[in-house]
Amino acid sequence: MKITPKNKELKKYIDYYWIVKDSKELFANTTSVLAYPGISPELIIILEGYLTFSYENKMVSTSNSILESHIKRNFTLYPHTLRSFIFVRFKSKSLASLIPFLNESPSELIKVDLSDANKVFGKEFKLLTNHLRNLYPEDIANVLDQWFYSKLNRRHNGFVTEFFEEIGYTNTLKELKEYTNYSYSTLERYFKKETGMTPKKFQTLKRYKGALEEIYDTNNNDWFHYISKYGYHDQSHFIKEIKKFTSFTPEQLLHISSLRTFR
């Protein structure tokens with residue numbers, strides 16, 4: 001079940017809570033699912049079972065909740081060990097959607113792709129997790145709303161968060177400079193401060209992530225639609241960039257299970 005935050009301020013930073021109380025049926029015929037790099041941090045809260053995954057050529061099995069601050073390569077989840085869980089999906093603003101809830105800087109977070117959520121959020125997070133285990137999905141969402149709102153630091157409501165919705169997939173850096181009336185060096189300073197990356201890198205990931213999610217949501221194999229909508233130069237450019245981030249061509253992705261498929 002996917003539930004969006006009810007709190008208006010949280011909606012600026014959190015996309016939804018994906019709450020699964022029993023995953024056996026959901027992943028019945030699936031041995032592995034892929035998650036892809038992008039600009040949407042996620043918090044995986046384990047309610048029952050173990051999180052088994054591979055990343056950076058390492059296989060990990062843990063009962064600790066995990067914060068994916070910025071996945072740079074394919075993350076493969078093996079769901080048979082994970083009985084009950086919550087995915088907190090943050091907005092596609094990279095670290096700018098995560099920082100308001102933390103005391104760490106983007107420059108520090110960007111160095112670590114996966115973190116133990118108990119260490120990042122402190123001892124109270126383990127108490128929160130224990131409390132969530134006995135609640136119904138609707139109540140879980142309400143408790144998460146209250147908890148995240150209590151952590152929200154409005155001083156981090158910065159440049160990227162404020163004007164992000166105005167940035168389209170096809171905006172050039174020249175257009176961004178004209179829109180904001182900032183020089184490139186100023187834009188770069190703001191982006192690095194809030195997202196840990198340059199404006200160009202941010203735009204590239206935003207475009208790729210938008211195209212990837214639409215491929216999974218629609219199964220549309222009209223590649224020229226994506227080229228036009230997301231601002232790729234041509235079909236070769238589109239295929240090359242998708243393969244760069246996922247290791248697969250767009251056509252192959254239509255036949256590969258992704259976490260996006262199950263949400």
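Let us begin with burial: a residue is called buried under 20% relative accessible area, exposed over 50%, and partly exposed in between, using a 1.4 Å probe and protein chains only. The structure above is a predicted model, in which local features need pLDDT of at least 70 and side-chain atom pairs count only at pLDDT 80 or more, while totals for chains, interfaces and linings use all residues. Residues are numbered from 1 along each chain as its sequence is written, and side-chain values use heavy atoms, leaving out hydrogens and water.

Helices (H or I, at least four residues) and strands (E, at least two) are DSSP runs numbered from the N terminus. Six of the strands make an open, antiparallel sheet in the order 1-2-9-4-7-10. Strand 1 (2–3) and strand 10 (114–116) each have a single partner strand, so they stand at the edges with one side left without a neighbour in the sheet. Pairing here asks for at least two bridges found by DSSP between two strands. Strand 4 (residues 42–49) and strand 9 run antiparallel and are joined by seven bridges; Ile44, for instance, has Phe87 of strand 9 as its bridge partner. Across strand 4 and strand 9 lies helix 3 (residues 123–132), at about 55 degrees to strand 4. That angle is taken between N-to-C directions, on a scale from 0 to 180 degrees, with axes fitted as lines to C-alpha atoms, for helices over the stretch in contact.

Glu42 is buried, because its relative accessible area is 4%. A salt bridge means a side-chain nitrogen of Lys or Arg within 4 Å of a carboxyl oxygen of Asp or Glu, and the structure holds eleven of them.

Helix 12 takes part in another one. Arg260 forms a salt bridge with Glu213, with 3.6 Å between the closest N and O atoms. Arg260 belongs to helix 12 and Glu213 to helix 8 (residues 199–218), 47 residues apart. Arg260 is partly exposed, at 24% relative accessible area, whereas Glu213 is buried at 15%. Both belong to a network of salt bridges that links Arg89, Glu213, Asp217 and Arg260.

Ser69 is buried, because its relative accessibility is 2%. Its side chain reaches the backbone oxygen of Val112 at 2.7 Å. Contacts, meaning heavy atoms within 4.5 Å, connect Ser69 with Pro41, Leu95, Leu98, Leu109, Val112 and Asp113, not counting residues up to four places away in sequence. Asp113 also meets Lys72, side chain to side chain, in a salt bridge (2.5 Å, N to O). Lys72 is in the loop between strand 7 and strand 8, and Asp113 is in the loop between helix 1 and strand 10, 41 residues apart. Asp113 is buried at 9% relative accessibility, while Lys72 is partly exposed at 35%.

Finally, two backbone details are worth a look. Most residues other than glycine have a negative phi. Asn57, however, has a positive phi of about 65 degrees, and Ser94 has one near 55 degrees. Asn57 lies in the loop between strand 5 (51–55) and strand 6 (58–62) and is exposed at 84% relative accessibility. Ser94 lies in the loop between strand 9 (82–90) and helix 1 (106–109) and is buried, with a relative accessible area of 0%.

How values were computed. Polar contact = N/O pair within 3.5 Å; in protein donor to acceptor, adjacent residues only side chain to side chain.
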